[in-house]
Amino acid sequence: MRVNSSLIDFNRSFSNMPLNVLKNENGYVFEFIVPGFKQEELKVVVEHDQLILKAERADGTDVEKMRYSQKNFDHSGFTRKLKLPEHVDVDGLSAKLAHGILKVDLPFDSKKHIVRSVSIN
């Protein structure tokens, strides 16, 4: 499977966080795995040419005071930034959280996204 090179992950420290990017006839669908996060702890923002996902746990747990003998993941929060292609309609962006997966729909801008066939001579 080839990854669209126009979707660049700016936050390399979280580049190992699972992410699916689907492209269909209507636009892109981003699927982020966000287990344990509530809707109010997630924020999706479009800033300039970036899609930004911010997750911050609001449960009041003071992680700094906990003493781990082994720690392989951080559950307090994260930020992930992706560069968006030019031909999307950011005003049509929508997001839905279900079963620990955040789906962000980003439709094509019909004025900028033109698909045409070219005859071969």
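Let me begin at the hairpin of E6 and E7, where 2 residues lie between the strands and His99 takes a positive phi near 55 degrees. Please keep in mind that this is a predicted model. Most residues other than glycine have a negative phi. His99 has a positive one although it is not a glycine. His99 sits in the loop between E6 and E7, and it is exposed, with a relative accessible area of 83%.

Where else does a positive phi turn up? At His48, again a residue other than glycine, with phi near 55 degrees. His48 belongs to the loop between strand E3, residues 42–47, and E4. Is His48 buried or exposed? Exposed, with a relative accessible area of 76%.

Now the chain as a whole. It has 7 strands and 0 helices, so from the N terminus on, the elements simply read β-β-β-β-β-β-β. Of the 121 residues, 28% are buried. The accessible surface comes to about 9,300 Å², and carbon and sulfur atoms account for 48% of that. If we take contacts between residues at least 6 apart in sequence, 56% of them join residues at least 24 apart.

What do the two faces of E7 look like? In a regular strand the side chains alternate between the two faces of the sheet. On E7, the covered face has Leu102, Val104 and Leu106, and the uncovered one has Ile101, Lys103, Asp105 and Pro107.

That brings me to the interior. In soluble globular proteins, nonpolar side chains tend to be buried together. Here the largest nonpolar core has 17 residues, and those with the most contacts inside it are Phe30, Phe32, Val34 and Leu53. At least two residues of this core come from each of E2, strand E4 (50–56), E5 and E7. Take Val34: leaving aside residues up to four places away in sequence, it touches Leu42, Leu53, Phe78, Leu97, Gly100, Ile101 and Leu102.

Last, confidence. The mean pLDDT of the chain is 80, and 74% of its residues reach 70 or more. Confidence is lowest in strand E5, residues 77–83, at a mean of 89, and highest in E6, at 96. Over residues 8–15, pLDDT stays under 50, and the model has 19 contacts beyond four places in sequence for that stretch.

That is all from me.

How values were computed: Residues numbered from 1 in each chain as written. Heavy atoms only, no water. Helix = DSSP H or I, 4+ residues; strand = E, 2+ residues; numbered from the N terminus. Buried < 20%, exposed > 50% of the residue type's maximum accessible area, 1.4 Å probe, protein only. Contact = heavy atoms within 4.5 Å. Areas by Shrake-Rupley, 256 points an atom, 1.4 Å probe, with all protein chains shown as cover. pLDDT = per-residue confidence, 0-100. Pairing = 2+ DSSP bridges. Core = buried A, V, L, I, M, F, W, Y, C linked by side-chain atoms within 4.5 Å.
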